[in-house]
Amino acid sequence: MRQEIHIVPNQERGGWDAKRQNAERASKHFGTKQQAVDWSRNLAKKEGLEMIPHGKDGKVQNPNSYGNDPCPPRDKKH
């Protein structure tokens with residue numbers, strides 16, 4: 001099973017949270033989405049996680065796999 005970290009908007013406090021899958025509490029809270037993405041990307045690279053950013057509407061935007069991707073891309077050049 002892959003491990004994931006999600007970047008989601010925080011409705012109560014404002015700003016953005018980085019949350020691991022199935023976690024009730026955020027791993028860390030940020031004022032901007034870019035700060036949350038940067039921190040989560042570093043963590044994902046270090047721990048081999050799937051980073052899944054969400055928009056303000058909750059929809060997934062451009063997930064990135066930094067670990068053992070079960071569905072790797074066929075294009076090996078990029």
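Mentor: Helices (H or I, at least four residues) and strands (E, at least two) are DSSP runs, numbered from the N terminus. The model is predicted, so local features need pLDDT of at least 70 and side-chain atom pairs count only at pLDDT 80 or more, while totals for chains, interfaces and linings use all residues. Residues are numbered from 1 along each chain as its sequence is written, and side-chain values use heavy atoms, with hydrogens and water left out.

Let us begin with the sheet, in which five strands lie in the order E3-E2-E1-E4-E5, forming an open sheet of mixed pairing; two strands pair if DSSP finds at least two bridges between them. Its edges are E3 and strand E5 (64–65), each of which pairs on one side only. E1 and E2 run antiparallel and are joined by five bridges, and Pro9 stands opposite Trp16 in E2. Helix H1 (residues 33–47) packs on this sheet, touching E1, E2, E3 and strand E4 (50–53), where contact means heavy atoms within 4.5 Å. The direction of H1 makes about 175 degrees with that of E1 (axes are lines fitted to C-alpha atoms, for helices over the stretch in contact, and angles run from 0 to 180 degrees between N-to-C directions).

The largest nonpolar core has 11 residues, among them Ile7, Trp16, Val37 and Met51; such a core is a set of buried Ala, Val, Leu, Ile, Met, Phe, Trp, Tyr and Cys residues joined through side-chain atoms within 4.5 Å. E1, E2 and H1 each supply at least two of the core residues, and the largest share, four residues, comes from H1. Setting aside residues up to four places away in sequence, Ile7 touches several residues, including Trp16, Ala36, Val37 and Met51.

Turning to the loops, Asn10 lies between strand E1 (4–9) and E2 and is buried, with a relative accessible area of 13%; buried means under 20%, exposed over 50% and partly exposed in between, with a 1.4 Å probe and protein chains only. Its side chain makes a polar contact of 2.7 Å with the side chain of Asp17 (a pair of N or O atoms within 3.5 Å; within protein, one must be able to donate a hydrogen and the other to accept it, and residues adjacent in sequence count only if both atoms are side-chain atoms). Gln21, in the loop between strand E2 (16–20) and strand E3 (28–30), is buried at 17% relative accessible area, and a polar atom of the Gln21 side chain lies 3.0 Å from the backbone nitrogen of Glu4.
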